[in-house]
Amino acid sequence: TAVPSALTVAPLAAPAESADGSQVAALRTVAGRTSLLAGPAHGVLTGRASALFVSAPTFDPQGDVYVARGIPGAEQIVEYPLHGPARPATTSGVPTGSIQSLAVSPDGSRIAAVVGLPGTGQLVVGSITSLGSHPAVQAVHLVLPSSRDVESVAWSGAGQLVCTVATGIGRRGVVQVSLDGYQTTALATAGLTGLPDQV
C-alpha cells in the first residue's frame with residue numbers, strides 16, 4: 001500500500017500512523033542518540049524529543065504520540081500532543097526498570113507496556129487518565145510475567161493484546177493474550193523467518 005510521503009525520507013525506524021492516517025511518527029538514531037520525529041503524513045516531520053533511548057511511538061485516538069524516553073533503565077512515559085509542549089506522565093504501580101515498548105489502546109483508555117531489561121521483559125497494562133495538565137498511568141496490573149521474556153506489544157482489539165515472547169530456549173513466538181492474562185493463544189508464525197521481536 002502507499003507509504004505516507006513523510007516516512008519516505010532519511011533512514012527512519014519504528015514508523016507509526018495515527019488512527020485517521022493524518023499523522024505519522026518515527027525514530028531516527030544519530031551518534032548514539034535517538035530522536036522522535038512526528039508530523040503530518042504528507043508533510044515535513046519535526047523533532048519532538050531526543051534521548052539515549054526512545055521507545056517506538058504509539059498514537060492515541062486524538063493523534064497524540066506516546067513514547068518512553070530517557071536513560072536506559074530510567075525511562076519516563078511522555079505524551080506529545082498534536083499541538084503544544086510535551087506532557088510527562090505520572091505513573092503509579094509501573095514496575096521499576098527499563099520500559100522497552102508502549103502501546104495505547106484503540107479507545108485511548110489504557111496503555112500497555114513491556115517493562116524490564118532485555119531478556120526479562122514483563123507485560124503490564126494500566127489506565128490512562130488526566131491528572132491536572134498531565135496524563136496519569138494508574139491501576140497498573142501484570143499480564144505476562146518476566147519469565148515470558150516479552151519484547152513488544154500491540155493491541156488487536158479492545159480487550160486483546162498481541163506480543164512477542166520466548167517459547168523455549170533460543171525460540172520466540174507471537175501470542176495473543178487477554179487483559180487479565182488468563183487467556184493466551186499462540187499465533188501461527190508460518191512464513192516468519194528468524195526470531196520475531198516486534199509486532
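Before anything else, a word on naming: strands here are DSSP runs of E, at least two residues each, and they are numbered from the N terminus. Also keep in mind that this is a predicted model.

With that naming, Ile71 belongs to strand β7, which covers residues 65-71. Is Ile71 buried or exposed? The cut-off for exposed is over 50% relative accessible area. Ile71 has a relative accessibility of 55%, so Ile71 counts as exposed. Leu52 is 19 residues away from Ile71 along the chain, yet their C-alpha atoms are 5.6 Å apart.

Now the pockets. The largest pocket has a volume of about 410 Å³. Its lining is made up of 24 residues, and those nearest the centre are Pro57, Thr58, Leu102, Ala103 and Ala154. Which strands supply at least two residues each to that lining? They include β1 (13-17), β6 (58-59), β11 (99-104) and β15 (152-157). By class, the lining of the largest pocket has 16 nonpolar residues, 6 polar and 2 charged.

Next, the second largest pocket, with a volume of about 190 Å³. Among the residues that line this pocket are Ala14, Leu27, Phe53, Val54, Pro118, Glu151 and Gln198. Strands β5 (53-54) and β11 each give at least two residues to the lining of the second largest pocket. By class, that lining has 6 nonpolar, 5 polar and 1 charged residues.

Conventions: Residues are numbered from 1 along each chain as its sequence is written. This is a predicted model: local features need pLDDT of at least 70, side-chain atom pairs count only at pLDDT 80 or more; totals for chains, interfaces and linings use all residues. Side-chain values use heavy atoms; hydrogens and water are left out. Helices (H or I, at least four residues) and strands (E, at least two) are DSSP runs, numbered from the N terminus. Buried means under 20% relative accessible area, exposed over 50%, partly exposed in between (1.4 Å probe, protein chains only). On a 1 Å grid over the protein atoms alone, a cavity is a set of points where a 1.4 Å probe fits but cannot get out, and a pocket is an open set with protein on both sides within 12 Å along at least five of seven lines; lining residues have an atom within 4 Å of a point. Grid points are joined across faces, edges and corners, and a volume is the space filled by probe spheres set on the points. Ala, Val, Leu, Ile, Met, Phe, Trp, Tyr, Cys and Pro count as nonpolar, Asp, Glu, Lys and Arg as charged, and the others, Gly among them, as polar.
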